[in-house]
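The following note sets out numbered points on the model shown here. It is arranged for reading alongside the sequence and the coordinates.

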Amino acid sequence: MDDLVTAATRVVAELKAVLGDRLITSAAVREHHSHDTSRLRPHLPDAVAFPRTEEDVQAIVAACAAHGVPVVPFGAGSSMEGHTIPVRGGITLDTREMNRILEIRPEDLLAVVQPGVTRKQLNVELRETGLMFSVDPGADASIGGMASTRGSGTTAVRYGTMRENVLALRVVTPDGTAIQTGSRARKSSTGYDLTHLFVGAEGTLGVITELTVRLHPIPEAVSSAICSFPTVANAVEAVIEAVQYGIPVARVEFMDEVAIAATNSYSRLDLPVAPTLFFEFHGTQAWVEEQARLVEEITLGHDAIGFRWTADADQRTKLWQARHDMFWATKAIIPGYDLYTGDICVPISRLADSIVAARADIDASSLKGQIIGHVGDGNFHTAYLIDPDNPAHLQEAEEMADRLVERALAVGGTASGEHGIGMAKLKFMRKEHGKAVDVMKKIKAALDPLGIMNPGKMGDEG
Ligand SMILES: Cc1cc2nc3c(=O)[nH]c(=O)nc-3n(C[C@H](O)[C@H](O)[C@H](O)COP(=O)(O)OP(=O)(O)OC[C@H]3O[C@@H](n4cnc5c(N)ncnc54)[C@H](O)[C@@H]3O)c2cc1C
């Protein structure tokens with residue numbers, strides 16, 4: 001086989017003939033696809049392809065397979081652990097032009113979409129149907145990218161993550177074959193569960209070309225509540241009790257006092273600067289009121305201060321917008337600084353200890369940082385502010401993020417609740433999964449013997 005540079009040149013020439021203007025080698029487009037939102041070192045792809053159909057994807061993958069050239073699927077590029085960095089060059093396959101909503105079947109509560117459709121795009125299209133696509137990672141990510149990272153977000157506590165919301169897929173495997181996994185049935189007990197093998201595979205086993213996703217009825221009534229607590233432990237224990245009591249909260253988000261101060265300043269709010277919970281309840285009018293009443297009782301039992309609830313849509317939107325702007329609010333704490341983020345998930349009984357330990361770690365460091373979390377699932381994020389020109393800051397943040405993961409693994413948790421492995425968390429795979437990593441590597445070798453699908457990521461761990 002040719003060396004990689006010659007091979008990539010041949011693939012670019014072959015694909016140019018197939019895709020024309022949709023195969024781009026300009027410096028600006030390659031640069032845009034050389035990174036994700038992480039701080040990991042970028043690497044340029046040789047070219048970026050913009051397929052529109054499954055046949056286009058097959059042509060791209062088959063050409064790359066014939067010459068042993070890497071293919072890196074790319075959705076919105078909002079991932080956070082180096083997922084889309086083409087570390088060995090090759091072709092980045094950007095799905096943005098595969099953005100057609102193919103079918104909406106309200107009676108079956110499902111939609112069929114191409115992978116480049118974004119979650120906001122689908123929800124706009126669903127407006128007239130009274131249905132919604134529930135998974136909400138904050139960023140307007142592509143549904144193909146969300147499935148590939150097994151993403152989730154604020155609503156997972158009630159409606160599930162991408163794992164629960166993908167029913168079926170079409171996938172182009174690394175030899176260019178197109179397959180269908182799963183069906184439109186709500187359940188099935190036939191065959192290996194290939195759908196959920198590709199969900200979370202981060203583009204290392206094939207390219208998703210079509211997804212059948214679950215839809216949910218838009219609730220008749222929605223209300224939100226907010227309350228603060230004297231300590232982090234009080235707030236988290238209130239959440240644990242609400243979850244254990246079986247109250248089907250639609251969202252419950254934790255923000256520590258540093259996050260609240262940042263959001264007050266960025267989003268012009270005047271929330272008490274203390275550990276805080278945001279709740280959202282879905283159901284009938286009577287049921288959301290009942291849920292709010294039950295949660296108020298529970299939070300008061302944990303010394304909540306100022307429980308306030310509202311059914312007012314404008315106030316609710318303002319609060320959730322502030323929550324979604326948290327990334328920018330935190331960045332604004334020290335202008336010019338970058339954020340180094342952490343993401344872990346632990347059994348809910350270990351959540352309070354985990355957040356308290358993460359806070360103590362930040363307080364003992366030289367960095368400023370905050371903690372927010374989708375705490376109903378036991379999932380939380382840290383964000384450390386670092387001076388991009390100070391290597392000591394980067395090292396300190398990395399060490400703190402590593403300790404966060406080590407503590408999570410020690411209590412039966414996971415190295416990532418929702419952001420995934422990418423490159424940054426590859427080093428924890430063996431520690432978390434032990435010999436199961438060897439089984440994963442066998443699956444990778446069987447499906448992708450040439451190692452062309454998003455190399456340097458999952459499947460390439462030592
Ligand atoms: C401010 C901010 C907040 C965020 N909050 C959350 C959150 O709350 N919850 C959460 O889960 N995530 C969150 N994220 C991370 C990110 O939005 C998710 O990981 C998202 O699912 C990535 O989707 P994407 O379209 O950007 O995928 P990309 O970043 O483009 O790709 C992600 C991975 O999927 C692969 N891929 C993409 N498309 C395909 C395809 N068609 N077939 C096969 N593989 C493919 C890529 O190769 C890559 O490995 C946040 C990010 C930001 C910037």
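**Note on the predicted model**

1. Asp314 is exposed, with a relative accessible area of 62%; exposed means over 50%, buried under 20% and partly exposed in between, with a 1.4 Å probe and protein chains only. Asp314 belongs to helix H12, residues 313–324.

2. Some conventions apply throughout. This is a predicted model, in which local features need pLDDT of at least 70 and side-chain atom pairs count only at pLDDT 80 or more, while totals for chains, interfaces and linings use all residues. Residues are numbered from 1 along each chain as its sequence is written, and side-chain values use heavy atoms, with hydrogens and water left out.

3. The protein chain contains 17 helices and 18 strands; these are DSSP runs numbered from the N terminus, helices being H or I of at least four residues and strands E of at least two. The radius of gyration is 22 Å, close to the 23 Å given by the globule rule for 462 residues, so the chain is as compact as a globular protein of that length. The radius is taken over C-alpha atoms, and the rule is 2.2 Å times the number of residues to the power 0.38. Along its principal axes the C-alpha trace spans about 70 × 55 × 40 Å.

4. Buried residues account for 53% of the 462 in the protein chain. Of the contacts (heavy atoms within 4.5 Å) between residues at least 6 apart in sequence, 72% join residues at least 24 apart. The chain exposes about 19,300 Å², of which carbon and sulfur atoms supply 53%; accessible areas come from the Shrake-Rupley method with a 1.4 Å probe, and for residues only the protein chains shown count as cover.

5. The ligand is surrounded by 34 residues, the closest being Pro73, Gly75, Ser78, Ser79 and Pro137; a residue is near a molecule or strand if one of its heavy atoms lies within 4 Å of it. A side-chain N or O atom of Ser79 is 2.6 Å from an oxygen atom of the ligand. A ligand nitrogen atom lies 2.7 Å from a backbone N or O atom of Pro137, and a ligand oxygen atom is 3.0 Å from a polar backbone atom of Glu202. The protein covers 94% of the 980 Å² of accessible area that the ligand has on its own.

6. Elements giving two or more residues to this shell are strand S3 (71–74), helix H5 (143–148) and strand S10 (207–214). H5 gives the most, with four residues.

7. Glu81 sits in the loop between S3 and strand S4 (91–94) and counts as buried at 5% relative accessibility. Beyond neighbours within four places in sequence, its contacts include Asp36, Ser38, His419 and Lys425.

8. Asn454, in the segment after helix H17 (436–447), is buried at 2% relative accessibility. Its side chain makes a polar contact with the side chain of Lys457 at 2.4 Å; such a contact is a pair of N or O atoms within 3.5 Å, where within protein one must be able to donate a hydrogen and the other to accept it, and residues adjacent in sequence count only if both atoms are side-chain atoms. Outside four places in sequence, the contacts of Asn454 include Pro73 and Glu202.
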